[in-house]
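Me: I would like to go through this structure and ask what stands behind each label. Please set the values against the definitions.

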Amino acid sequence: MLSVFEKKKRILRFERKLTISPLSYLIVLVISILLALAVGAIFIRINSFNPLEVYQFMFESSFGSAYGISETVVKAIPLMLAGLGVALAFRMLLWNIGAEGQIYMGAFAATAIALYLPRLPAGIMITAMLLAGFAGGAIWSLIPGIMRARAGVNEIITTLMFNYIAILWVNYLVFGPWSDPASFNQPITPKFPVSAMLPTLPGSRIHLGIFFGLVAAIVLYLVLTHTRWGYEVRVTGESESAAKYAGINITRNIMLVMLISGGLAGLAGMAEVAGVLGRLQQNISPGYGYTAILVAILAKLNPLAVVIVSFLFSSLLVGGYAAQTIGVPAAIVSTLQGAILFFVLAGEFMARFRLRYVRRGD
Amino acid sequence: MEQATVEMRNITKRFPGVLANERVNFKVTAGEVHALLGENGAGKTTLMSILCGLYRADEGEIFIKGKKVSFSSPRDAINMGIGMVHQHFRLVRPFTVAENILLGSNDAGFILDMDRVEKKIENLSKKYGLKVDTKAKVWQLSIGEQQRVEIIKTLYQGADILILDEPTAVLTPQEAEELFKVLQQIAQDGKAVILITHKLNEVMSVADRITVLRNGKFVATVEKKKTNIHELTKLMVGREMPEVKKAEDFSPGGVVLELKNVNALNDKGYPALRNFSLSVHEREIVGIAGVAGNGQRELTEVINGLRLAESGEIFILGKNMTNRPAQEIIDAGVAFIPEDRLGMGLVPNLNILDNIILKSYRKGLFLKGPFLDWSSIREKAESLVKEFDIKTPGLNHPVKTMSGGHLQRLLLSREVHSSPKLIVAVYPTRGLDVSAVEFIHHVLLAQRAKGAAILMISEDLDEIFKLADRIAVLYEGKVMGTMPVKEADLREIGLLMAGVDRGGEMAC
């Protein structure tokens, strides 16, 4: 408790609460978004645009038309899948910030199936690509996971470094051995056979990946709240010494959680190449893996909330792309993302305090 | 009446959600040893932290030798002659005794004249009978010696109001006896000594006057000569205490836990258990007496599969369980009440339901197919909350919002509801209020009556004498001796705790 100022008989006092309710968190989130928009407005104004017009244009671009909504959903898919993976790892205090690299490795592995086994029938092809995509991401996060579990190597550093390896590996492939001879040295692979493309909702670009994301969110939610293993993850994340005391095998769980976490990001990569691009290319992700970290944190690591927050961030992305077409700098999106995170973290801290105006001695 | 050296008037201090002190009055005069008595959480340490400048009171006034003061930092309090010896010592381990004492005093010039400092320390040391070696490094000293260094440090800084926070918690009975003599000496020299404690026999043996706090409020100040333990208990607790009667004697059954020549290392890699051998039988409580830090933690961890034994064997119900994983030991029917209740025994941010199943979530009881059966878990939790009289804001609230006594009830309820064969209880009542202590003793005795073997580690010899059938004294990771409680003698146990074996030889 902290007396901020004192008058004769009454004082304004901060009182700390131990927990904050989901409702007050939601209020914090809404206020934070508004404050972030206000901060963004300053920068838009500096660039000689009218902030209100820009925001209106961004909003209309992401929600105002069938095409806009379709784009928002499409961009929410990788954020959702990777965000779920990040949320799972963070639940166990495993700071997997390598979702970006895991997306690339998932895309790489799925592409390998499409390119080397082009004659597989559609059902088997998609299943094989799904498994490969999951495995690609999973192996990429399992290696740091094993190093962490067995030798205590800091996973923040290894997962981050692995991002660069994965991105450069994909670059090597699309510039070199997998480069499409017909593309005149563009960094892209040949187009996938139709059997390797995820079906889309007629008249839109929304593909089956949205289904993967929603199913993964529900399954993850049920696993965490209703299974023994999910219980182990929650206990370990809250207190490692309690987990040891309860006889939980922490080493095994670290590896398992990292594996699934990366696998989900790998699925995001698979969905991008098989659902949107139809080929592997350079820069398949504009930082989805990093944005997914923000998504997971703002969703308070709750799988169902990840779904909602990923739509929020994808609409920002879509709106941001549109804003660029009228000349607003692309950095506005990162500015807004960063500002939202900043205000939420500060707001969450403040929501723990209640300001009361009390008589002395009360 | 002569002027008070310290007078605290109407002190109120709030912490979030807690009223730690409420209009407390406290008066100490020079030349007395004044005990500040109260249960844990009564607000003793808070009050003294206000006096020595660590906290600021929300309301109230402090007078030192008649002068109104307002401290904004501990430095102000030190300058007014107030010195506090905290429960956790504040010494720099690689420094010598003299260097530590010099630290924090204004006595050092640009060039250190250690000879002069050492001479000054030796004078103080002689005057009050506080033996120290000024040139020794602090890390080489025993806990008792470190405490003496802390006391000299405050005297060196010119303290004439000396506050000690639970100073005997880390001492053997003999060391405590010696400390009391020193404190009386200091008081006779015209200084005021304030002793924070919750131990009644200490109060009766050393204090001149006693101030009792309860729930943050001032209860009474009494003179020792005009009071007795019975009255003090009543003042401290607020009601008469029924004695926990030990259940009738049992003939212990078969061996449940047997340790044979177990050796284990502590976290720093030094030997913590040395050829430790002990057995605990059915229907038997074995109390481990010993000064904290002599291997208690390592002993309980080794038994529960949380620390590897370097050598030796551990048998549970005749089965060799040495270095088996914790899960197998839990499944063998071992309950463990750890020292660290909130963090190890209970998960602070999870709710009661989650915490109830911490040990049994693997078993069929709480499963429906592959899923946790939350409705039967809730049922179990409800019945335990009722049976153990656990006060909680709700089953879905994080347990960290519960009070210490009720946390321990929750932990205990979980550990005993599955009828364990062996219970390892570490400081089961530390920091709890009297009614919780009583309840926990009652539960442990009931478990003994049901046939459980209980290994209890306690720093409170009274507790061991009350509950245990046998006492084992632990010193530097070894069993110095075991004896039935009926044949045990406090003096002898004290010597064993200090490492002096029965022949009078120092163990090494």
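Reply: Two strands count as paired if DSSP finds at least two bridges between them. The model is a predicted one.

Me: What makes strand 14 and strand 15 of chain B a pair?

Reply: Strand 14 (residues 311–316) of chain B is joined to strand 15 of chain B by two bridges. The rule asks for at least two, so the pair qualifies. The two strands run antiparallel, and Ile316(B) stands opposite Lys319(B) in strand 15.

Me: Why are strand 12 and strand 15 of chain B said to stand at the edges?

Reply: The open sheet has four strands in the order 12-11-14-15 (chain B), with antiparallel pairing. Strand 12 (271–281) and strand 15 (319–320) each have a single partner strand, so one side of each is left without a neighbour in the sheet.

Me: How do you know that strand 21 and strand 22 of chain B are paired?

Reply: Six bridges join strand 21 (residues 470–475) to strand 22 (residues 478–484) of chain B, and the strands run antiparallel. The rule requires at least two bridges, so these strands pair. Tyr475(B) stands opposite Lys478(B) in strand 22. The hairpin has two residues between the strands, and Glu476(B) takes a positive phi near 45 degrees there.

Me: Why is the link between Asp354(B) and Arg234(A) called a salt bridge?

Reply: The closest N and O atoms of Asp354(B) and Arg234(A) are 3.0 Å apart. The limit is 4 Å between a side-chain nitrogen of Lys or Arg and a carboxyl oxygen of Asp or Glu, so the name applies. Side chains of opposite charge can pair when their charged atoms come close. The count of salt bridges between chain A and chain B is one.

Me: What else describes the interface of chain A and chain B?

Reply: There are 17 residue pairs in polar contact between chain A and chain B, both residues at pLDDT 80 or more. On the side of chain A that touches chain B, strand 2 (10–16), helix 7 (209–226), helix 8 (228–238) and helix 9 (240–245) each supply at least two residues. Helix 8 of chain A gives the largest share, six residues. By class, that side has eight nonpolar, eight polar and nine charged residues. In total, 25 residues of chain A are in contact with 35 residues of chain B. The two chains bury about 2600 Å² between them, 60% of it on carbon and sulfur atoms.

Me: What makes Glu166(B) and Lys44(B) a salt bridge?

Reply: The closest N and O atoms of Glu166(B) and Lys44(B) are 3.7 Å apart. That is within 4 Å, so the pair meets the rule. The pair links distant parts of the chain, 122 residues apart: Glu166(B) is in the loop between strand 7 (161–165) and helix 6 (173–188), and Lys44(B) is in helix 1 (residues 44–51) of chain B. Over all chains, the structure holds 33 salt bridges.

Me: How many salt bridges does the rule find across the interface of domain 1 and domain 2 of chain B?

Reply: The rule finds zero salt bridges there. One residue pair is in polar contact between these domains, both residues at pLDDT 80 or more. The area buried between domain 1 and domain 2 of chain B is about 900 Å², with 59% from carbon and sulfur atoms.

Definitions and conventions. Residues are numbered from 1 along each chain as its sequence is written. Chains are lettered from A and ligands numbered from 1 in the order in which they are written. This is a predicted model: local features need pLDDT of at least 70, side-chain atom pairs count only at pLDDT 80 or more; totals for chains, interfaces and linings use all residues. Side-chain values use heavy atoms; hydrogens and water are left out. Contact means heavy atoms within 4.5 Å. Buried area is the accessible area (1.4 Å probe) that two parts lose on being put together, summed over both. A polar contact is a pair of N or O atoms within 3.5 Å; within protein, one must be able to donate a hydrogen and the other to accept it, and residues adjacent in sequence count only if both atoms are side-chain atoms. Ala, Val, Leu, Ile, Met, Phe, Trp, Tyr, Cys and Pro count as nonpolar, Asp, Glu, Lys and Arg as charged, and the others, Gly among them, as polar.
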